[in-house]
Amino acid sequence: MIDFIQMIVSGVATGSTYALMGLAMVIIYKTSEVPNFAQGEMALITSYFAMMLLTTMNISVYLAFFISFAFAAILGAFLEFVILRRAKEPNVLGMIVITIGIEMVLLGFVSWKFGAEEKTMPFPIGPYDGFIVGGIYISKLDVLTLISALFFMIVLYLFFKFSKLGLAMKATQQNSVAAQIVGIKTNRIMMMTWGISSLVGATAGLLISPTVMQPFMMWDPMLKGFAAAVMGGMTSLPGAVIAAYMLGIIENLFGGYISIEFKTVVAFAIIVLVLCVKPSGLFARHYVKKV
Amino acid sequence: MDMKRDYYEDVELFSSPVVVFWFIVLIGSLYLFPMFVDNYYVYVANYIAINIIVAAGLNLLVGFTGQISLGHAGFFAIGAYGTVILMIKAGFPFLLALPCAALVAAGFGFLLGLPALRLEGPYLAIATLGFGLTITQIIGRVELFGGRDGLHAPDLTIGPWVLDTDKEFYFLVITLTIFLLLFMRNLIKTRVGRAFIAIRDADIAAETMGVNIVFYKTLAFAISAFYAGIAGGMYAFVLKFIEPEIFTLLMSILFLAMVVVGGLGSMLGSVAGAVLLCWLDLKLRNILDIPYLGEWLKDLSENWFSITGVSNIQYIVFGSIMIAIMLFEPLGLYGIWIRMKKYWRTWPF
């Protein structure tokens, strides 16, 4: 029984990381219908930036993180302004190719600048700090990840539901021409969306970096986060988070009881099965194509 | 570009005797090419030809049928492992093992095509991506496939000939490549090919006109996977050794990049894209050996970047090419070629 609960706890911990990445992707998809494959690498470069600040400059951790978050937001907005906005024929395939291109450029840049070897992040909470409750080991870092995932989910949900900017973002996705007519500057909205999304993704990156820090560290969380976002319906914030926790928990239970070897692929098998039954995800209204 | 006046002009393989002449010259020079160059360049040619086959197959799916696949490394791996396993374990001759393995890949392509009937955009991207990753993981864990240690390709014999050098293997590769490309070009001009294009342009309209969407979409996946399987089977013999680590997501991305950079929906484009990206890939692996540029980069890396990560510049180059093509010339290299042709045709004016 303890084993079972321990697996659920680690599943929730993994799920939180996926949830953060999934949220970041959903924000962009909600506004611009771009599946952003560069999300992971945007977080990667922010984590390395934070590490650089902490190791080369003598500043406090909190200030360094604050600067990194600002960097992440500016990076997101910059990428939208310089690259995405210039796309001539925005169709889904073109957008996927562009974001994969951005991903490769950022990945190449980071591994050129910092080398491919494993680094250590001077993070205030170490990966092995934790406490034991009733025989179950809980890592402090995981708790922090869980709190930030839930925090971002609630804040973003309220933001999209009630704030003026959030409503403008929704309007931009639903009908950008109509949004422009009522006076929404859709270009500026897109830039802000990318900034916010990059910030959410960067949180995931910074929270992963104490455990593992090398150029490919964001691939698995990014792909699983994307998978969770797709499973949740790509436009639903709570959907992405719930799907992320489902994936995390199923993955850990599968690893514990059936086969540890196929742990990482079970998420994708689930995705394909879910998509066969519900082609637009679990929590989205069925997408009806307009002719 | 050229005006087509009737149906037969649209379906014919060569538009004029001049084209036939140049085609024969091209084929002839391709067959004579290994006699004049080093072994290394023959190896490069093999590598490129194999990637051309995959790019052509993927172009049928992405460019002509309008689907997305980020999992072609999976089919490639099935082809490679299938061929080698059938030869080692079942004792099949190469010429039988290769199509059998490719048919297995096509079967998987058909299976992947089934969920793809209901999916599009990012949903399809994640489903195919998941498929590619799953295949690599499974191959890496099953003992029959050599696990993490990989497999050595057996000796390659066809009838009385033993193909043990790159030059000898080249003739097999180039023959198959030419045959497969001609087949693809013909296929696109038939009823089947037009059905694919109709599905890409407007699937609902196509269905209304009587195109069987279920059949043709799964067929596109199966043919595309078949091509990747054939290419994978030969790739095993170019490398002489295969392991699961080769068939990564990065490889799938590279295949997609070839198709997009070359030009969606153009056979010529796939060839150009595959040649360009493969050549760059091989060149950039040893970027410091390039004269002048290499020394400058070495200085730059030592002062500002890290010298250990210098080979990662290839990601930057590939990524920039993909972005630049999508932003400035969505038709890819083929689009540039068309524009050049148009410009020179009416040149002084």
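In this predicted model, M234(A) sits in the loop that joins helix 9 to helix 10 (237–257) of chain A. Its phi is near 70°, a positive value in a residue other than glycine. Most residues other than glycine have a negative phi. M234(A) has 26 other C-beta atoms within 10 Å and is therefore buried, since 20 or more are needed for that class.

K240(B) belongs to the loop between helix 10 and strand 4 (241–242) of chain B. Is K240(B) buried or exposed? Because K240(B) has 11 C-beta neighbours inside 10 Å, it counts as exposed; the limit for that class is 12 or fewer.

F237(B) is in helix 10 (residues 213–239) of chain B. With 26 C-beta neighbours inside 10 Å, F237(B) is classed as buried. Leaving out residues up to four places away in sequence, F237(B) touches A153(B), L156(B) and F169(B). For A153(B), the separation from F237(B) is 84 residues along the chain, while the C-alpha atoms are 6.1 Å apart.

K298(B) lies in helix 13 (residues 293–303) of chain B. K298(B) has 14 C-beta neighbours inside 10 Å and so counts as partly exposed. From K298(B) to V310(B) there are 12 residues in sequence and 8.1 Å in space, taken from C-alpha to C-alpha.

The next topic is the nonpolar core. The largest one has 199 residues, and those with the most contacts inside it are L23(A), A227(A), I271(A), A105(B) and M322(B). Apart from neighbours within four places in sequence, A105(B) is in contact with F75(B), I78(B), G79(B), G82(B), A225(B), F226(B), A228(B) and G229(B).

Helix packing can be followed within chain B to begin with. The axes of helix 11 and helix 12 (residues 267–285) of chain B come within 7 Å and cross at roughly 125°. The two helices are therefore oblique to each other, and their crossing is right-handed. Helix 11 of chain B contributes L254(B), A257(B), M258(B), V259(B), V261(B) and G262(B) to the contact, and helix 12 of chain B contributes G269(B), S270(B), V271(B), A272(B), G273(B), A274(B), L276(B) and L277(B). By class, this contact of helix 11 with helix 12 of chain B has 10 nonpolar and 4 polar residues, with no charged residues.

Helix 5 (residues 94–116) of chain B packs with helix 6 of chain B, their axes coming within 10 Å and crossing at roughly 155°. Because of that angle, helix 5 of chain B is roughly antiparallel to helix 6 of chain B, angles over 145 degrees being put in that class. The crossing of helix 5 with helix 6 of chain B is right-handed. From helix 5 of chain B, L112(B), P115(B) and A116(B) meet L124(B), A127(B), T128(B) and F131(B) of helix 6 of chain B. The contact of these two helices divides into 6 nonpolar, 1 polar and no charged residues.

Helix 6 of chain B also meets a helix of the other chain. Its axis and that of helix 9 (residues 219–231) of chain A come within 10 Å and cross at roughly 135°. That makes helix 9 of chain A oblique to helix 6 of chain B. The crossing of helix 9 of chain A with helix 6 of chain B is left-handed. In this contact, L223(A), F226(A), A227(A) and V230(A) come from helix 9 of chain A, and P122(B), Y123(B), I126(B), L129(B) and G130(B) from helix 6 of chain B. The classes here are 8 nonpolar, 1 polar and no charged residues.

Which residues make up the contact between the chains as a whole? It takes 37 residues from chain B and 45 residues from chain A. On the side of chain B that touches chain A, two or more residues come from each of helix 6 (122–141), helix 11 (249–262) and helix 14 (313–328) of chain B. Helix 6 of chain B gives the largest share of that side, 11 residues. By class, the side of chain B that touches chain A has 25 nonpolar, 10 polar and 2 charged residues.

Technical notes:
Residues are numbered from 1 along each chain as its sequence is written. Chains are lettered from A and ligands numbered from 1 in the order in which they are written. This is a predicted model: local features need pLDDT of at least 70, side-chain atom pairs count only at pLDDT 80 or more; totals for chains, interfaces and linings use all residues. Two residues are in contact if their C-beta atoms, placed from the backbone, lie within 7 Å. Helices (H or I, at least four residues) and strands (E, at least two) are DSSP runs, numbered from the N terminus. Ala, Val, Leu, Ile, Met, Phe, Trp, Tyr, Cys and Pro count as nonpolar, Asp, Glu, Lys and Arg as charged, and the others, Gly among them, as polar. A nonpolar core is a set of buried Ala, Val, Leu, Ile, Met, Phe, Trp, Tyr and Cys residues joined through C-beta atoms within 7 Å. Axes are lines fitted to C-alpha atoms, for helices over the stretch in contact, and angles run from 0 to 180 degrees between N-to-C directions. Angles under 35 degrees count as roughly parallel, over 145 as roughly antiparallel, 65 to 115 as roughly perpendicular and the rest as oblique. A crossing is left-handed if the near helix is turned anticlockwise from the far one by less than a right angle, and right-handed if clockwise.
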